[in-house]
Amino acid sequence: MALSDGVFAIAITLLVLDIHVPQGLDSDGFHQALGDVVPNLGAYAISFAVLAGFWRDHRAIFHRVRLVDADVIGLTVLGLGLAALLPFPTALVSEYGDESTSVVIYSAAVTSLGAVHLALAAVVARRPWLHGDAQPLRNEFLYAVDLGTMVAVFLVTIPLALVVGPAAMWWWLVLVPIKVWLGRKGDAAPR
């Protein structure tokens, strides 16, 4: 878990490195530069939420894991590699958010990370010898629906961005009510 925690922490830290205002600006330049930072802050906020959610999910998956096999290790390493990569597409979206290609690359990265987490959760859930009698932290079905919905939304964004352009990012907002609803269901559901 220490390696996973470290990778997520570093990836989240790298997100903020693109946010800066140059030194030595006059008042007008300062205000212009501050305005130019707003897209970076938006991209940071989205990616911070995405990475924090995947970190939380990763910890929940491994909460019950007592043994690992080659599939778990392979999926974990792949997921950590994708998490570490997320600052790059975040920088693309913050600097070139008006380009469809940036939205496609970001959506593909989040889709891939989500698919790997979904596969990892399925492997752990279907191999009882990996977790013994340990109970999951939350309802596994609702977790799969939650993660599957996120993967689907970002996957749909890819062709949508090719058709309607960068405005396809607004499609991501559909996740807000879905995640709130699933969170409430998860709080009420038995594990």
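Visitor: Where does Ile10 sit?
Guide: Ile10 is in helix 1, residues 2-16. Helices are DSSP runs (H or I, at least four residues), numbered from the N terminus. This is a predicted model: local features need pLDDT of at least 70, side-chain atom pairs count only at pLDDT 80 or more, and totals for chains, interfaces and linings use all residues. Residues are numbered from 1 along each chain as its sequence is written, and side-chain values use heavy atoms, leaving out hydrogens and water.

Visitor: Is Ile10 buried or exposed?
Guide: Exposed, with a relative accessible area of 53%. Exposed means over 50%, buried under 20%, partly exposed in between (1.4 Å probe, protein chains only).

Visitor: New topic. How much space lies in the largest pocket?
Guide: About 450 Å³. A pocket is an open set of points on a 1 Å grid over the protein atoms alone, with protein on both sides within 12 Å along at least five of seven lines; lining residues have an atom within 4 Å of a point. A volume is the space filled by probe spheres set on the points, which are joined across faces, edges and corners.

Visitor: Which residues lie nearest its centre?
Guide: Ile46, Ala49, Val50, Trp172 and Leu175, out of 19 lining residues.

Visitor: Which helix gives the largest share of that lining?
Guide: Helix 2, with 7 residues.

Visitor: And cavities, how many of 30 Å³ or more?
Guide: The search of the whole structure finds 1. A cavity is a set of points where a 1.4 Å probe fits but cannot get out.

Visitor: What lines the largest cavity?
Guide: Leu15, Asp18, Ile19, Asn40, Thr90, Ala91 and Ser94. Helix 4, residues 87-95, gives the most, with 3 residues.

How values were computed: Helix = DSSP H or I, 4+ residues; strand = E, 2+ residues; numbered from the N terminus.
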